[in-house]
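Dear colleague,

Please find below the structure I am handing over to you. My notes on what was found follow it.

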Amino acid sequence: MTEMIENRTIEEKVILVGVSTSDEDETRQSVEELGELAKTAGAVPVGTLIQNRESIHPGTYLGKGKIAELSEMIEALGADGIICDDELSPAQMANLTDILQTKVMDRTLVILDIFASRASTREGKIQVELAQLRYRATRLTGFGAAMSRLGGGIGTRGPGEKKLEIDRRLIKSRISQLKRELEEVKRHREVAREQRSRTAVPVAAIVGYTNAGKSTLLNTLTSAGVLEEDKLFATLDPTTRSLTLESGQQMLLTDTVGFIRKLPHHLVNAFRSTLEEAKYADMILHVVDVSNPQMIRQIQVVYETLQNLDISGKPIITAFNKIDKIPEEDRTGIRDFRADKEVYISAKQGIGLDRLLEAAEDILKAGRMYLEKVFDYQEAGSIAMIRKHGQLIAEEYTGDGIAVKAWVPGDIYARFMKNER
């Protein structure tokens, strides 16, 4: 059983640090997002420093002059540490810690810390600890000392401070154990997928940038009771719920972890089995926050993440969410040309959800085949299957049996018609 060590919450004052390598990059927006991540992790951003450089300094992330400026900022603002907007190498982290004599964190550490506080299922906890240990395995020198000076704070949730002090051999052993546990969980997930596949209930995977409103949508459509907060990564563990469409067709909705720019590769690897729920879905339901100024970039990040997971060829419905938060004249021109269907909704206000369900019905119908068949009366169970997985258009009881006209999924059509040839 995986144990998560809880530490008392410490509100740390931090300075956000970024490096801009070109005029076209999105460093300022990314650092603003880093500030939201820091707040979610329980820190208070008290200052920001961005350096314009041709490239990130390989040894210290920042140049010598900016490090001196940062040191003065730390003292003047009474900061407990800094958070860099990129994943630092072990050398960069150790050198900055030595020079600044303060706690040095990076974007990856903050995201891992948030994930550690959000994980509630056994699988989620295993995945987070695995990602944390892989990240920390190369960063033991100096990292533990910074933690012990502060006695907690960001980076100590999950495996926590005690596990930072164990040697690499024990970390390697623990990683191997977690990988075995994760393989066992993965097998259970695959069995569940196979069972869903046999019942022929279509699955829609809900994906989107973090805080786009995926959990709110799942709750509104299915009364799932998933936590809703105006925070990044408010929910972590995937939730699957059943939904009955107007035609009587049943389908499953599966929520997935929110995507984010610079999603740490440790997390992508650890959460691959969870994220791959979208790979086995019949369609993708892409939720977009239209009120976010970074909407276009967030859409790109979602598609890039799906591509990294080798998820392609799925019908996509893009649901432009939070439509109630923008003026009506601003709604024109909001498009996603990669989607098969586009709908404009407010999951919280219940606006446009009927059109969303119609779009899902249309996609399911496009994958169905028209069935016209007379079933023997002892095959009445087949009619129930059609009602559950397809759309029953007509049903007539005759002397020869039950005459049915219906739209059904291809695999069910093949099952019913295999003895007709």
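In strand β9 (residues 316-321), the bridge partner of V287 is A319. The strands β8 and β9 run parallel and are joined by six bridges; two strands are said to pair if DSSP finds at least two bridges between them. Helices (H or I, at least four residues) and strands (E, at least two) are DSSP runs, numbered from the N terminus. Strand β8 also pairs with β5 (residues 203-208), in the parallel sense and over five bridges. There, H286 in β8 is the bridge partner of V207.

Please note that this is a predicted model, in which local features need pLDDT of at least 70 and side-chain atom pairs count only at pLDDT 80 or more, while totals for chains, interfaces and linings use all residues. Residues are numbered from 1 along each chain as its sequence is written, and side-chain values use heavy atoms, with hydrogens and water left out.

Strand β8 is mostly covered, seven of its seven residues being buried. Here buried means under 20% relative accessible area, exposed over 50%, and partly exposed in between (1.4 Å probe, protein chains only). In a regular strand the side chains alternate between the two faces of the sheet. In β8, M283, L285, V287 and D289 point one way, I284, H286 and V288 point the other way, and all are buried.

D289 also takes part in a salt bridge, its partner being K322, with the closest N and O atoms 3.3 Å apart. The term denotes a side-chain nitrogen of Lys or Arg within 4 Å of a carboxyl oxygen of Asp or Glu. Because K322 lies in the loop between β9 and β10 and D289 in strand β8 (residues 283-289), this pair ties together parts that are 33 residues apart in sequence. K322 and D289 are both buried.

A search of the whole structure finds 16 salt bridges. Another of them joins K341 to D362, with 3.4 Å between the closest N and O atoms. K341 lies in strand β10 and D362 in helix α13 (residues 353-366), so parts that are 21 residues apart in sequence are tied together. K341 counts as partly exposed at 30% relative accessibility, and D362 counts as partly exposed at 36%.

A further salt bridge is formed by R261 and E33, whose closest N and O atoms are 3.4 Å apart. This pair links distant parts of the chain, 228 residues apart: R261 is in the loop between β7 (250-255) and α10 (265-270), and E33 is in helix α1 (residues 27-40). Both R261 and E33 are buried. They belong to a network of salt bridges that links E26, E33, D85, D86, R107, R261, K262, R297 and E304.

Leaving aside residues up to four places away in sequence, R107 touches S30, E33, L34, L37, I83, C84, D85, D86, I260, R261 and K262; contact means heavy atoms within 4.5 Å.

Strands β6 (residues 240-244) and β7 pair in the antiparallel sense over five bridges. The bridge partner of S242 in β7 is L252. The two strands form a hairpin with five residues between them, and G248 in the turn has a positive phi of about 100°.

Turning to the aromatic side chains, a search of the whole structure finds four aromatic pairs. Rings of Phe, Tyr and Trp (its six-membered ring) pair if their centres lie within 6.5 Å, and planes under 30 degrees apart count as stacked, over 60 as edge-to-face and the rest as tilted. F320 and Y344 form a stacked pair, at 5.4 Å centre to centre and 15° between the planes. The pair links distant parts of the chain, with F320 in strand β9 and Y344 in strand β10 (residues 341-344), 24 residues apart. F320 is buried, at a relative accessible area of 0%, whereas Y344 is partly exposed, at 28%.

Lastly, on confidence, the mean pLDDT (the predictor's confidence in each residue, from 0 to 100) of the protein chain is 84, and 85% of its residues reach 70 or more. Over residues 1-8 the pLDDT is below 50, and this stretch has 18 contacts in the model beyond near neighbours in sequence. Residues 144-151 also have pLDDT below 50, with 19 such contacts. Where pLDDT is low, the predicted coordinates should not be read in detail.

With kind regards
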